[in-house]
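Q: Could you take a close look at the salt bridges here and walk me through them slowly? I am new to reading structures.

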Amino acid sequence: MITDYQSNAYRISYQGVSMIENALENPNLIQVGVVPGCTIMVAPQKSYGIDYLPNGEYRSWTLTGYNTRLNRTEAHYIYARLERDSDDAMVLFSVNDYATDGSIGGENPSEDFYYIRIGSITATDKLEGATLDREITLDYGKLSTPAGNDQDAAGWKELFELTAEGLIRPLKRFTSYIVQGTLSIIGKLVINDKQISDVARQGDDEEFTPNDEAIPTTKLLTGKYLKYLRSFFLNKDHEDSTDFVQTFRKGVKMGSYTTGVLGSGGAVLVDENGNTHAEFDYLNIRKKALFTDITVQELKHVGGALILSPAAMIISSVEETEDGYKCYFNRTDGEGRSVYNEFEPDDQGRCQTFNLEVQPNGQKGNRYWWRLVIETGDDYVVFSKTDADTGSDIPQAGDQVSQLGNRTDVTRQNAQIYSAYGPDSPSRKMYQGINSYSLEDKVIKDEYFDVVSGRFKEVTYGDTYTGNRQNTSYFINDEDEGVSVAGKVQIQAGSTGAANLDDLPQEIQNAVKVGGENLLRNTSFCGDYQTVSLQTSTPLKSDSQMYSPSLKEWEGTGQVSEDAGSASGFSCASFSIYQNINLIEGETYMLGYKAKGASVTFRVGDVEITQELTSGYARYTHQIVYNSGNLFSANGPSATICEIKLERGTIATDWCPSRDDTDPVADGFKNLWYLQDALKGETQVLGGLNLTSMIQLGKWVDGVMEKVNAGVSGIYNEDTDVAFWAGGTFEQAMRTVTKMLNGEQPTDEEWKDMAKFVATHGGNVFLRGYIYALGGVFRGTIYSNDGEFGGTVRIANGKILLNKDGSGSLANGSLYWDKEGNLYQNSNFEVSAKGYTLKIDREFADFRIYDSKDRMVVAIQPFSDIYGSTPVIYLKMPDYQMETRIDVTGINIIYGEKAERRASFGLDGISFQDEYDNPMKGITDSFRTTDALGKTWEWLVCNGIIYKKYQV
């Protein structure tokens, strides 16, 4: 970028604007930087309305700028575009040669902006893949006269006087100019006819040569006057002092100050809450220091890696036991503080050194072991001999051990490892779920330096939140919900993936308000393709249209005729037509149309639009904001119009029929467009080869096609286009495709106006009738509202079988039925509910129910032990050691794990036995019964026999 300071019409804050051309090696990308508070000060241009401010100052604007992509290869001007009614301005690139008022060649001045040219940029060769670099020239400008008046240099004599000693002495008035920053823009100063050449000027870096007419101010600030001035100011060029208290509202920094334990310099700073913070390398208090609170920090060195985990120890001595190594540690540290055992059984202790030491075998190597904790005490930990990582050394005195993992307690399976040495150092790794001698897939956060790329990297496995505490600006990565961003996001060139945004089309539509739907009916001027329904009161004239009136839905008059220049094939001339509309108050709408002739006038509610036309067709669009009224009208006594479209939004789209127009209208248009495509082509016959766009077949009588009944179309724009059809016209074939693809089920009456067979270029086939075939393959889903299937159906290689006689099978024959509908099972059967499982064994035909612990609680078997023996029922309560067995011979109740007590009810009577089948001795039980007369009897069980005792 080439910079200059030439223009006297304005001045930009020094170095306030920077531009980098050919950003990212693309000549069409301009990186624009504007420092906060950058201003552009403009000299009066009264003919354009720019004048001094009431206080006599130049008018200024705050300048902003944005990175820009140029969309044209030509050279561009660079402007500061100033808002007339505010103090905001913006850097703008344009190929237009604007005057200050925004006019081009004196025409169309802007009512909103001024344009101040501040530079230019050269041309390049092309927009994509450009090879010719651009070059920017930027003029920061300078102002050579003071703000607020048009006085010459002599007027400045009122601000200064030159003493006999040659010293510049500012007058009283000059104080206000100092405050207002006027001195920074003075180009030269003349006092007593002497030019003071090097007064500070923003942007001036040229050298000045003193002469008789130019006196350098440095000469005036020497000797006794310089000493005199230094009595009022603190010096920057040598040591100085003052007898007065100096107040520094934000603080003081000393040396080359950087914060932190590895920082430099020193500082006393005041934060936003008024608290002071001091930071020094050394602080020597000679007499007394008072501290309300003090925190002592210590910078420590750790060689290798530092592990933060639930426990650690330094082994003082080791005893070998039968199962492990009993490692002791000192109960106090070097400063007399108590040391407690933080290890727990099932912990894993790890020791590892990174320096080479002489090992017991005489070779050098590092120490490493990782073992399971099997016992702990007040001053010892026992590490397992056998449960250890491969290659683990034997613990010894002096080993530093860190807890790293636990087999059962998830709260002790966490660790952080800091490392300042190694291939990926510096690094910090966080682990979770360490329950073995492996850290694979246990890291949840990894921060490290990648020596390959030379960059620091951070990897987090899980959910992250980066943002403010108010949750108004953040970046969230959630494993379930994905990435969420709140706040401003700057997307750079080269970014991709917009097609994956599900709501992007809707958001674009919301942003630019694209409508698309035509809110006016019958803008094709071809009617509705329907016959007019007549009433006894309907008046008829000689020119009344009985079929598809061309001005259907319109009121008024107009001459409709065929027109090849219209997309619908029709236009309306000498018209005065209108129809009702229903729009939304305050919404923006676009009106588009093609017209020719003199002029046309529209009314959309209370909005009126008049457009002058040309002799040939041209397309016109108008944007309106609807307020009120429910009528749309178009008047053109000497005009022709077509393709009228009124749509909601801010972008006009191509003409299309209204959604409220009937289906035949839409089908008619499509038929017309197809025919237009076909008529534009030609037919060639090369021997037996016919090359053509469409063939229509039908009833041809005396050189006239009375009705088209079938045909072939080679016009293929989309998969839904008709390729073959029969049983109707081409238009009816398109109607068939539209209805069927929309999921409609045509009635018999509707089928009369539809083609009965249609095949599209996309492979869809629609027909009304039967399909007779020897076979076929269907790879998708078959839908049928009704019907019968008379053949065999095999699914999944016969695993599901439906025979034409009504029989069939499922699950590869595990469940089958005959043609009578009787169901059979050919495999074991299980069903579960509420913790119980019912099992039916196909081999033994028994019925069993198991509880949630897979213990049998109910069983029904056709025989007990041997085929042909008695059927049996088992009832069990495993938790209470009770079981009941019911067969044809009786009932047996068993209690106890070893059947200590049993009761039998059978043909031989009732008996009670112990575990050895002996009758139970003595009185073992009693119970009461009530007979039919209401008498209650007490019974005793004695020696296994029941006795009636007495009536109660």
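Predicted model: local features only at pLDDT ≥ 70, side-chain atom pairs only at ≥ 80, totals over all residues.

A: Glu-74 is partly exposed, with a relative accessible area of 33%. Its side chain meets that of Arg-72 in a salt bridge, 2.9 Å from N to O. Arg-72 counts as partly exposed too, at 42% relative accessibility.

Another one joins the side chains of Arg-735 and Asp-753, with 2.3 Å from N to O. Arg-735 sits in helix H6 (residues 730-741), while Asp-753 is in the loop between helix H7 (748-751) and strand S49 (757-760), so the bridge ties together parts that are 18 residues apart in sequence. Arg-735 has a relative accessibility of 7%, and because buried means under 20%, Arg-735 counts as buried. Asp-753, by contrast, is partly exposed at 34%.

Next, look at Asp-854 and Lys-839, whose closest N and O atoms are 3.7 Å apart in their salt bridge. Asp-854 lies in the loop between strand S58 (846-850) and strand S59 (856-861), and Lys-839 lies in strand S57 (residues 836-841), so here the linked parts are 15 residues apart in sequence. Asp-854 counts as exposed at 52% relative accessibility, whereas Lys-839 is partly exposed at 25%.

Finally, salt bridges can share partners: Arg-428, Lys-445, Glu-447 and Glu-458 are joined in this way into one network.

Definitions and conventions: Residues numbered from 1 in each chain as written. Heavy atoms only, no water. Salt bridge = Lys/Arg side-chain N within 4 Å of Asp/Glu carboxyl O. Buried < 20%, exposed > 50% of the residue type's maximum accessible area, 1.4 Å probe, protein only. Helix = DSSP H or I, 4+ residues; strand = E, 2+ residues; numbered from the N terminus.
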